[in-house]
Amino acid sequence: MIVTVQSFGIYENVTFSEIFISNDTGSTISFSDLGARINSWSVPTKSGMKQMVLGHTEASEVFQSSYCYGATIGPVAGRIDGGRFTLEERTFQLSQNEGDNHLHGGNSRYDFQKFEFSIEEKNDCVTIVFTLDETKNTEYPAGIFLEVRHTFDNENRWTVEYKAKSSGTTIFNPTNHVYFNLNGNNEFPITNHMLQVEADSYFPVRGDGIPTGEIVSVEGTVFDLRTSSSLEVLPSSKLAQKKGYDHPFLLGYGREFKENCLTLSNELAILNVSTTSSTVVLYTHNFVTEQLQTWGHPNVPYSGIAIETQEAPDCIHHPEWGDIILHPDDTFHAKTEYRLELK
């Protein structure tokens with residue numbers, strides 16, 4: 001395997017790096033210390049190399065975009081209703097950066113921060129270890145020391161692991177905001193993809209994206225993805241509220257590793273996802289608010305699908321959905337694998 005480190009550009013006098021890993025199959029993946037993000041994943045096809053995820057050409061594009069392509073999201077992914085919660089009999093008010101709600105970490109968000117990194121090389125895989133010390137500067141109840149490990153191997157498997165310690169009792173629920181488009185190079189929308197999710201239930205959401213408080217069976221609904229289903233349904237009136245999928249799906253409570261719990265495919269490739277997380281949030285890029293191009297093609301609605309493994313959004317208000325409270329004596333750990341196969 002081959003590893004190279006290149007410049008990802010300079011923004012406000014801060015220099016960022018991009019680390020490229022090429023494996024023995026000819027595939028190349030890259031990660032950046034800007035937000036500990038996956039930025040590209042190119043694979044060899046009959047028509048040349050194609051990028052399977054949405055990313056950026058340089059750091060300045062990241063700061064111009066609200067899409068969070070490939071970034072580590074936290075300290076708490078998703079929305080917190082009103083940005084307010086109670087922990088150990090104390091009430092905390094976080095920044096309200098999306099209407100009245102707190103989204104993707106607010107003022108403490110990870111995706112615009114520079115991480116330290118080191119490289120671990122083995123014969124059949126390479127791991128980029130990103131670290132961020134937020135033990136002092138935070139709007140959350142306590143600070144976090146975070147380690148994000150991105151591993152790429154010769155089986156075209158990307159694994160992301162999170163490890164975290166806190167300086168006091170706080171809340172913590174990270175994810176990665178990767179968007180896949182298996183057409184390659186963002187050439188066409190994902191409406192020609194098939195999607196299967198091993199979830200019997202999903203979380204309905206309000207218009208502002210906050211879960212309503214219910215967990216509903218997928219049976220007989222457009223959210224029943226237990227058999228491989230076409231994403232041609234995306235413009236359907238059945239998904240009119242959010243113009244597509246922007247919902248959490250319950251994969252199963254507990255931290256056991258759920259193998260192949262999600263499969264995304266088209267005529268070119270198959271993506272299998274496994275995770276320790278109880279929930280996956282699916283967002284099908286329903287809206288395009290910035291006129292950006294990705295890999296030479298303009299972003300349009302449904303340019304990609306974000307597959308965000310995590311505990312359920314806003315579960316600090318619904319502890320029966322999952323535990324996102326991190327105590328100083330605990331070590332947080334979560335793991336997700338994305339395995340890509342060409343047909």
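I call a residue buried under 20% relative accessible area, exposed over 50% and partly exposed in between, with a 1.4 Å probe and protein chains only. This is a predicted model: local features need pLDDT of at least 70, side-chain atom pairs count only at pLDDT 80 or more, and totals for chains, interfaces and linings use all residues. Residues are numbered from 1 along each chain as its sequence is written, and side-chain values use heavy atoms, with hydrogens and water left out.

**Backbone**

I began with phi. Most residues other than glycine have a negative phi, and most peptide bonds are trans. Tyr302 has a positive phi near 70° and is not a glycine. I count Tyr302 as buried because its relative accessibility is 12%. Helices (H or I, at least four residues) and strands (E, at least two) are DSSP runs, numbered from the N terminus. Tyr302 sits in the loop between strand S27 (297-298) and S28.

His104, also not a glycine, has a positive phi of about 55°. I find His104 in the loop between S10 and S11. His104 is buried, at 9% relative accessible area.

I also looked at omega. The peptide bond from Gly74 to Pro75 is cis, with omega near 5°. Pro75 belongs to the loop between strand S6 (72-73) and strand S7 (79-80).

**Rings**

I paired rings of Phe, Tyr and Trp (its six-membered ring) if their centres lie within 6.5 Å; planes under 30 degrees apart are stacked, over 60 edge-to-face, the rest tilted. The whole structure gives 22 aromatic pairs. Phe63 and Phe112 are a stacked pair, 5.2 Å centre to centre with 25° between the planes. This pair links distant parts of the chain, 49 residues apart: Phe63 is in helix H1 (residues 59-63), Phe112 in the loop between strand S10 (102-103) and strand S11 (116-121). Phe63 is partly exposed at 23% relative accessibility, and Phe112 is partly exposed at 30%.

Trp41, Phe152, Trp158, Phe180 and Tyr338 form one aromatic cluster.

**Cores**

I took a nonpolar core as a set of buried Ala, Val, Leu, Ile, Met, Phe, Trp, Tyr and Cys residues joined through side-chain atoms within 4.5 Å. The largest one has 59 residues, and Trp41, Trp158 and Phe180 are among those with the most contacts inside it. Another core, of 15 residues, lies apart from it and includes Leu87 and Phe203.

On a 1 Å grid over the protein atoms alone, a cavity is a set of points where a 1.4 Å probe fits but cannot get out; a pocket is an open set with protein on both sides within 12 Å along at least five of seven lines; lining residues have an atom within 4 Å of a point. Grid points are joined across faces, edges and corners, and a volume is the space filled by probe spheres set on the points.

Which residues are closest to the centre of the largest pocket? The pocket holds about 630 Å³. Of its 30 lining residues, Arg79, Glu98, Leu103, His104 and Tyr283 are closest to its centre. S22 supplies the largest share of the lining, 3 residues.

I found 2 cavities of 30 Å³ or more. The largest has a volume of about 40 Å³, and its lining includes Pro75 and Glu134.
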